[in-house]
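Subject: The two-chain structure, with notes

Hello,

Here is the structure I promised to pass on to you. Please have a look at it first, and then read my notes below.

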Amino acid sequence: MRTLTTDVLVIGGGATGAGVLRDLALRGIRCALVEKGDLTHGTTGRYHGLLHSGGRYVVKDPQSAEECARENEILRRIMPHCIEDTGGLFVVTPADDESYADRFVAACRRTGVWVEEIAVSAALRREPLLNPRISRAFAVRDGAADSFLATHANTDDARRYGAQVLTYHVVNGLERVGDRIIGAVCEDLRSGEMVRIHCAAIINATGAWAGKIAALAGLQVSVVAGKGTMVAMNHRIVNTVINRCKMPDDGDIIVPIHTVAVLGTTDIYVPDPDVYSITPEEIRLILDEGEHLIPGVRRMRALRAWAGVRPLYREEDATHDRDIPRTYRLLDHEVRDGVAGMVSIVGGKWTTYRLMAEETVDVVAHRLGVTTPCRTAELRIEASAQPAAPLRPAISHGSAARARFAILASPFYMLGHRLAEVEADDSYGDLVCECELVTREQLEAAIESEGTANLDDLRRDTRLGMGPCQGGFCTYRAAAIWHERRSARYGQAAGAAPATRLLTHFLQERWKGLTPTLWGDQLRQARLDELIYLETLAVDRLPEAIPDETIVTGHAAIATEAG
Amino acid sequence: MHEAIVIGAGLSGLMGALALAEAGLRPLVLAKGHGATHWASGTIDLWGKDERSPRDALRSIVTARPEHPYALIGVDAVADALARFRAVTEAARYPYVGGMDHSVLLPTAAGALRPVALLPITMAAGDVRAGGEMVIAGFHELRDFYPPLAAANLAAQGIAARGVYLQLPPVPRVRDFGPRTLAQLFDDPAFRKQIGRQLRQQRGSATRIGLPAVLGVRDPLGVVADLQLLSGAQVFEIPTLPPSVPGIRLFNVLRAAIERSGGRLQIGSEVIRAEGVGHILTTLCSEAAAREQQHRVRRVLLATGGIAGGGIRTNDAGLVRETALDLPVRMDVNHAGWFAPRFLDPGGHAIYAAGVAADDRLRPLGVDGWPVYENVAVAGATLAGADTLRERSRTGVAIATGWAAGRMLAAYGCDATRSY
Ligand SMILES: Cc1cc2nc3c(=O)[nH]c(=O)nc-3n(C[C@H](O)[C@H](O)[C@H](O)COP(=O)(O)OP(=O)(O)OC[C@H]3O[C@@H](n4cnc5c(N)ncnc54)[C@H](O)[C@@H]3O)c2cc1C
Ligand SMILES: Cc1cc2nc3c(=O)[nH]c(=O)nc-3n(C[C@H](O)[C@H](O)[C@H](O)COP(=O)(O)OP(=O)(O)OC[C@H]3O[C@@H](n4cnc5c(N)ncnc54)[C@H](O)[C@@H]3O)c2cc1C
């Protein structure tokens, strides 16, 4: 058992936890963050990718709308390299109630959400695949945001101010003495070692898992988990975020992000955030709804599907989960339950993570007697601004690779930026993943960085395997390069088994995301991949090729998806 | 009027076209694109699901699984196809070795051992059962082949192997070293001399050296001979990620043999429709560069290659369709049962067994169990009845049914009692 001491322990490495960590660090508070998987392993890594303008919530939840509108501007300022200014449109399709549009505009005015009606012809010029039968169109300040990049940008910045980040550390217990929580007990999932962390305060930022953490201290926090499924199309069928102009419902948004466009979402209650799967009905519903916005979308090529769980805090009993206000809740357990030493922050949206962090840290700082004000809205996250000066080696999770992208790709690393780089360096031959233009150098930097446990982590770092071929070529290459780098560092003794496990794990991870949308061309592609791995490479006959999806990080605690 | 049209230019279509050409029917091969030859490893795999010899496995399939493509044509027809295949490759001075009596275990680029029945002679020294320490050598510039990983996995299976990287001799104006580019470089004797010298230095006590399967397009046997002479060890090829140089060589060999016998290949034409009179298919419609063409035809071989080849297509509503002639597709499970939860499931994924059912003359069957067309035969991965990937019998089924279908079609019309 190892013991660590800090002032504030943040549990959860999603957008909220990372934002809280940066806020604490900027105020000079000693802090550490623990995350049971890789950063963004929870909902943050499985969200839709929309930097909300607020438009979606103006009628139904004006407070959320106001918060989104304000935070939208702040995030654009403090982390421009994580955001693509796609702009957004709300369009009235023939299937929508025409009267909503006027209410929508009036509500935008009331809540301070910027909106401007544009001619239908202008909307169609901007997005030629859009349904030509739309009757009205409104421009808003939606954007696309890379949550992987943004979360790492927050933790990297926090580290610069002395914060500590422990990934693959799962909190199994909270230490409570009388009416005070004084620390947490974690397991390091990679070494199996137990780690005790003493602290003056804990911030529970575990999203849909917040109830489970609270329960470790004997407290009750009801978080309703609402599963949302999304479908990625294999190219940017639109370059603007497209919303249906109506009350928020299933499948009414398309977000262009990186090389793909994402349709979503659904909202289905799940009893346990760790156990859910994607049903064919959901996929059908998303594509059917998508037809209203982009006629013919069903015949286009869907790449993969995934789902995340919304952490929705339930005050009393609410029956319908879209009726629970989206606004986040900060629970001060000292006031609420008479137990000091912990606060929980639940609900909200990616777009409002910074605001949630600010409010949370205000309360905790006050308890600790720290009066330094919040500065996260003013200070730009500097990860992208320091080209040559590398971050401390091996401090951060994939930070070298990320810093490099951030620099090269500022303000946003769209495919075009990488292509320009590859063309400038003449490095076609170095591409490990042709679909997403990941070079060997980028991959090696990501492998070398501390804490990378498997190819799926590398995927989050580099987008490896996320393009149309879904890992057909790069899985073998990445596993082999991993093997070479690790043998260079640790010698040959480790053998090839870890690389084999990595390879089969990654293939399995991709398969899970693929099966819900596998038909037509994408099925053909999947078959090609299968032929490569089972015929040409015969990986199923490798000594360690146990077809088990949870081997690398083989811990039930971090297997978030079923089937 | 065409005597015979073959739809598809994969191994099954090519073998079928060869049979039709040798029967003097001057077949036209219409294909949307190249077949899996350009991707696959270039070996002929008859059976690899268990340790039985291909001959034993095939014999038992014939009795136990009457709908299996092997069972439709019988073991003798398979042997006949293999014999013809070997003769053709031999005549082209790119001989295949092996047969039905046992499988050879060849190392893959990941270091796994793959059971193979017929293999190009350039791969023969890789047979792991032959014994002898191996060096696996490659190039940093080639991102489709990694010697250290392959060697480490071989070592883990008790096969003495060591991975090394060679220095690529300086070559002007080349930046992207795919398998094809490297193969062209190996066609140059000066290039392979430099490689051969390095192999000698790196060889150590090894008696054989595995290289990525890029040892020339034109004269691979010459390349292997040169490298063996220079290195003092046996040299063999290991298939890389696609594109496949051995597959391209095989395609070239078969294409040349077909053309010599009067056949013709037209790649870039997709067959989209057929017309017939009663049980006789009379016309094929193809599309090339957006122009539709009609082909009056007496015999048709459908060899469009299943889901991977594009001959079978699915949609989001769970429909499964045969793309060229719109024949009925046999598919035993519904949409929800298409996939096993595990990618590497030993049982495979049910959707890939979908295909066109056929009788013992490989004629496509309708839902009523009778042939849809008398003058059409089906071959290769378009046939229903097996997921040949998990059996490791894909190329075996392709060449055997392709050849058998071509022979039977050639006989069609000569047998008066059969024709309408
Ligand atoms: C389908 C869907 C689409 C969405 N789309 C958008 C959108 O487009 N725009 C937007 O603004 N918002 C969107 N949201 C909302 C947004 O994604 C979430 O509000 C936000 O990501 C929540 O972040 P978080 O950090 O609070 O939670 P999470 O990202 O879930 O982080 C919690 C972390 O805690 C970790 N954890 C849990 N238990 C333990 C433990 N015992 N020990 C250690 N760590 C633990 C988890 O692994 C997880 O990483 C969407 C949500 C869903 C579900
Ligand atoms: C990466 C890879 C590795 C492989 N490795 C091995 C291996 O190691 N061992 C093994 O046994 N097998 C292997 N295979 C499988 C094997 O090579 C083929 O799948 C098998 O030979 C089937 O051949 P086929 O002739 O039936 O179909 P294919 O080779 O798929 O050919 C189909 C042909 O039909 C054409 N076509 C399809 N639809 C139409 C249409 N409507 N009109 C006109 N033309 C059409 C296509 O363009 C193509 O020319 C591999 C395959 C791949 C892709």
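This is a predicted model: local features need pLDDT of at least 70, side-chain atom pairs count only at pLDDT 80 or more; totals for chains, interfaces and linings use all residues.

The peptide bond that runs from B:Pro242 to B:Pro243 is cis, and its omega is near -5°. Chain A has a cis bond to look at as well: the one from A:Gly264 to A:Thr265, with omega near -10°. A:Thr265 is also a loop residue, placed between β18 (260-264) and β19 (268-270) of chain A. One more backbone spot to check is B:Asp326, a residue other than glycine whose phi is positive, near 55°. As background, most peptide bonds are trans, and most residues other than glycine have a negative phi.

Next, the ligands. Around ligand 1 there are 34 residues, and the closest are A:Thr16, A:Glu35, A:Thr44, A:Leu50 and A:Thr351. A:Leu50 also makes a polar contact through its backbone, with a polar atom 2.7 Å from a nitrogen atom of ligand 1. A:Trp350 has a polar backbone atom 3.1 Å from a nitrogen atom of the ligand, and for A:His48 a backbone N or O atom lies 3.2 Å from a ligand nitrogen. On its own, ligand 1 has 1,000 Å² of accessible area, and the protein covers 96% of that. Which elements give two or more residues to the shell around ligand 1? They are α1 (15-26), β11 (169-177), β15 (223-233) and β20 (302-313), which belong to chain A. Sorted by class, this shell has 18 polar, 12 nonpolar and 4 charged residues.

Ligand 2 has 39 residues around it, the closest being B:Ser12, B:Ala36, B:Ser41, B:Asp45 and B:Thr395. Why do I call this site shared? Residues from both chain A and chain B surround ligand 2, so the site is shared between chains. An N or O atom in the side chain of B:Arg114 is 3.0 Å from an oxygen atom of ligand 2. A polar backbone atom of B:Lys32 is 3.0 Å from a nitrogen atom of the ligand, and one of B:Leu11 is 3.2 Å from a ligand oxygen. The protein covers 98% of the 990 Å² of accessible area that ligand 2 has on its own. The largest share, 5 residues, comes from α16(A). By class, the shell of ligand 2 holds 17 polar, 16 nonpolar and 6 charged residues.

Finally, a contact between the chains. Helix α14 (residues 474-490) of chain A packs with helix α5 (residues 147-156) of chain B at an angle of about 80°, and their axes are 8 Å apart. That angle makes α14(A) roughly perpendicular to α5(B). From α14(A), the residues in the contact are A:Tyr476, A:Ala480, A:His483 and A:Glu484, and they meet B:Pro148, B:Leu149 and B:Ala152 in α5(B). By class, the residues of this contact divide into 5 nonpolar, 1 polar and 1 charged.

I look forward to hearing what you think.

Best wishes

Key
Residues are numbered from 1 along each chain as its sequence is written. Chains are lettered from A and ligands numbered from 1 in the order in which they are written. Side-chain values use heavy atoms; hydrogens and water are left out. Axes are lines fitted to C-alpha atoms, for helices over the stretch in contact, and angles run from 0 to 180 degrees between N-to-C directions. Helices (H or I, at least four residues) and strands (E, at least two) are DSSP runs, numbered from the N terminus. Angles under 35 degrees count as roughly parallel, over 145 as roughly antiparallel, 65 to 115 as roughly perpendicular and the rest as oblique. Contact means heavy atoms within 4.5 Å. Ala, Val, Leu, Ile, Met, Phe, Trp, Tyr, Cys and Pro count as nonpolar, Asp, Glu, Lys and Arg as charged, and the others, Gly among them, as polar. A residue is near a molecule or strand if one of its heavy atoms lies within 4 Å of it. A polar contact is a pair of N or O atoms within 3.5 Å; within protein, one must be able to donate a hydrogen and the other to accept it, and residues adjacent in sequence count only if both atoms are side-chain atoms. Accessible areas come from the Shrake-Rupley method with a 1.4 Å probe; for residues, only the protein chains shown count as cover.
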